[in-house]
Amino acid sequence: MGIFVDIYDGIMNLLVIFFSTWELAPWVRGILGGLVIGGVFGGALVMVYLERKFLGDIQSRIGPNRVGGRFGVLQLIADAIKLFTKEDIIPAKADKWLFIGAPIVALTSGFLMVVVIPFDLLIIKGNEYAVAVSRMDISILYLEAVSGLAIFATFMAGWGSGSKYALLAGFRNIAKMIGYEVPLGISIISVAVMAHSLDIVEIVEAQSSIWFIIAQPVGFVVFGIALLADVGRIPFDQTEAEEELVAGWATEYSGMRWGLAFFAEYFHAVVGAFVVSLLFLGGWNGLPLIGNLYIPGFIWLIVKTIMVMMVLIWIRGALPRLRIDQVIDVGWKVLIPLALLNLIWSTIIGLMWA
Amino acid sequence: MIDLQIIPFAIISIIMIGSSIMVVKSKEVVHSAFHCIIALMSAAGFYVLLSAQFIAVVQILVYVGAIGVMILFAVMLTNRGPEVE
C-alpha cells in the first residue's frame, strides 16, 4: 500500500510544481481543462451506457448485448458511427441559424460549467492548491449563471425547427425553467450562506465536519428536484415527452446534430451530479469509517458522483412523467416556499456556527 | 507599446455594436431578441475586462438568464412573420 501512496504523492508534487510555476500555469490549466472536458465527456458516455443497462434491469430486459461481447460495451461506439454517417437534414421551414446554433449553445453551456468544478484540494507545505481549471471567488454563482444559458438552446431548437411539436416543447421548457430556476438559486444561496463563501472549494471545505445533506436536508430535497427539472430528466422531461410531442425540441434534428443535442443533455446531467456531490455530499471529504486507509480525495468525489448518477437513472426507471401543469404547480407552490424556509433555517444555523 | 487588452476590447466592441444594430434592423422579432441577448452578454465581457468578475456574472445571471428568457417568453406568444401565414 505504501508504494502507491508514494507514487500518488510524487505525481501530485509534480502537478503542484507545474501549477505554481507562473510561466507554465496558463498552459497547464489549458491542458487540465482539455482533460477535464474529455473526462466529463467520458463520464457522459458511461452514463448513457449505465442508463441503458440499468434501465434494462429495472424493466426486466437485457439492454444492449450484441456489440462488444456479452455486455454490449461497444454499443455506444456503434451508435456514434451510425450518427456520424447519417444524412444531415435541415428542414425547409427551419430558421437556419437558430437551428444550427442550438446544439452548439447547449454544449457550450456544458463546457463552461465544467471550468469551475474542483476535483480535489491539495495542501502541500502549507499552501493550498485546488485541482480545478479555474478557481474563482464566486464559482457557484458563475456555475448557476452559465447553466442558465442552456435554456436558450432548447428555445432556439424549438423555434428554429419550424415544427409545432418542437415549438410546444420549447414553450414548455421556458415555462418550466422560469419556475425552477428560483428554488435552485435559493437553495444554492442557502448552501453559500451556511458555508460563508461563494467559492465551491471553500463550500466543500466547510463540509469537512458535517455534510450539508445532514445540516439542511430540506435544501437537499429542493435542490435535487430543481436540478432534475433543470437537466430535464424524468419525471420532468415534458420537453421531450415521446407520447405527446414525438421527440420534443429535438424532433427535426437528425444525424450528428441530434447526437450533439442528446449528448449535451447527458453532459448537463453529469455536471449536475458533480454539483450535487460537491454542494451537499461533502465533495472530496471521505467517510471516517474506512480507518487508516488512504484514499485520494478525487476518488471519493467520483464515487459519490457515480452514485448520484445511478440514483438519477433509478428515478427515471421508477417514476412516471408528470403533466406540465402539475410540474409548474409544484415549482411555484411547493418548492419555492420550502426553499425560502430552508434559507431561514440555514441562515440561523450558519450564524450559530460562525 | 500598445496594451494587449485592446484586442479583446476591440472584438467585444465590434460584437456589441454589430448585434445592437441588428436588434433594430432584423426582420424577425426572434432574431432581434437573440441579438439583444448577445449585446447584453458582451456587456458582461466588458466587465470581465475591467476585472469586475462579480458584476460580469451577475450581468449574465440577471440580464441574460432572467430578462432574456422573459423577452423570449413574450416573443414566443407572437406570430412568426408574414411568410408563414
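Mentor: Let us start with the term itself: a residue is buried if 20 or more other C-beta atoms lie within 10 Å of its own, exposed if 12 or fewer, and partly exposed in between. Please keep in mind throughout that this is a predicted model.

Trainee: Which residues of helix 6 of chain A are buried?

Mentor: The buried residues are A:Ala150, A:Ile151, A:Phe152, A:Ala153, A:Thr154, A:Phe155, A:Met156, A:Ala157, A:Gly158, A:Trp159 and A:Gly160.

Trainee: What covers the buried residues of helix 6 of chain A?

Mentor: The cover comes from both chains. From chain A it includes helix 4 (96-114), helix 5 (139-147), helix 7 (164-195) and helix 12 (255-279), and from chain B it includes helix 2 and helix 3. Just after helix 6 of chain A, A:Gly162 has a positive phi of about 65°.

Trainee: Where do residues other than glycine take a positive phi in chain A?

Mentor: Two cases may be noted. A:Ser60, although not a glycine, has a positive phi of about 55°. A:Ser60 belongs to the loop between helix 2 (25-58) and helix 3 (75-85) of chain A, and it counts as exposed because it has 6 C-beta neighbours inside 10 Å. A:His196 is likewise not a glycine and has a positive phi of about 60°. A:His196 sits in the loop between helix 7 and helix 8 (200-206) of chain A; with 13 C-beta neighbours inside 10 Å, A:His196 counts as partly exposed.

Trainee: How should I describe the overall form of each chain?

Mentor: Chain A has 14 helices and two strands. Its radius of gyration is 21 Å, close to the 20 Å that the globule rule gives for 354 residues, so chain A is as compact as a globular protein of that length. Along the principal axes, the C-alpha atoms of chain A fill a box of roughly 65 × 50 × 45 Å. Of the 354 residues of chain A, 44% count as buried. Among contacts in chain A between residues at least 6 apart in sequence, 77% join residues at least 24 apart.

Trainee: What is the secondary structure of chain B?

Mentor: Chain B has three helices and zero strands, and from the N terminus on its elements run α-α-α. Buried residues make up 21% of the 85 residues in chain B. Of the contacts in chain B with a separation of 6 or more, 47% are between residues 24 or more positions apart.

Trainee: How does one describe the packing of two helices?

Mentor: Two packed helices are described by the angle between their axes and the distance between the axes. In chain B, the axes of helix 1 (residues 6-25) and helix 2 (residues 29-49) come within 8 Å and cross at roughly 155°. That makes helix 1 of chain B roughly antiparallel to helix 2 of chain B. The crossing of these two helices of chain B is left-handed. By class, their contact has 13 nonpolar, six polar and no charged residues.

Trainee: At what angle do helix 7 of chain A and helix 10 of chain A cross?

Mentor: The axes of helix 7 of chain A and helix 10 (residues 217-231) of chain A cross at roughly 145° and come within 9 Å. This crossing of helix 7 and helix 10 of chain A is also left-handed. Among the residues that meet there are A:Lys176, A:Tyr180 and A:Pro183 in helix 7 of chain A, and A:Phe223 and A:Asp230 in helix 10 of chain A. By class, the contact of helix 7 with helix 10 of chain A has nine nonpolar, three polar and two charged residues.

Trainee: Finally, how many residues of chain B are in contact with chain A?

Mentor: In this model, 11 residues of chain B are in contact with 13 residues of chain A. The largest share of the side of chain B that touches chain A, 10 residues, comes from helix 3 (residues 53-76) of chain B. By class, this side of chain B has nine nonpolar, two polar and no charged residues.

Definitions and conventions: Residues are numbered from 1 along each chain as its sequence is written. Chains are lettered from A and ligands numbered from 1 in the order in which they are written. This is a predicted model: local features need pLDDT of at least 70, side-chain atom pairs count only at pLDDT 80 or more; totals for chains, interfaces and linings use all residues. Axes are lines fitted to C-alpha atoms, for helices over the stretch in contact, and angles run from 0 to 180 degrees between N-to-C directions. Helices (H or I, at least four residues) and strands (E, at least two) are DSSP runs, numbered from the N terminus. Angles under 35 degrees count as roughly parallel, over 145 as roughly antiparallel, 65 to 115 as roughly perpendicular and the rest as oblique. A crossing is left-handed if the near helix is turned anticlockwise from the far one by less than a right angle, and right-handed if clockwise. Ala, Val, Leu, Ile, Met, Phe, Trp, Tyr, Cys and Pro count as nonpolar, Asp, Glu, Lys and Arg as charged, and the others, Gly among them, as polar. Two residues are in contact if their C-beta atoms, placed from the backbone, lie within 7 Å. The radius of gyration is taken over C-alpha atoms; the globule rule is 2.2 Å times the number of residues to the power 0.38.
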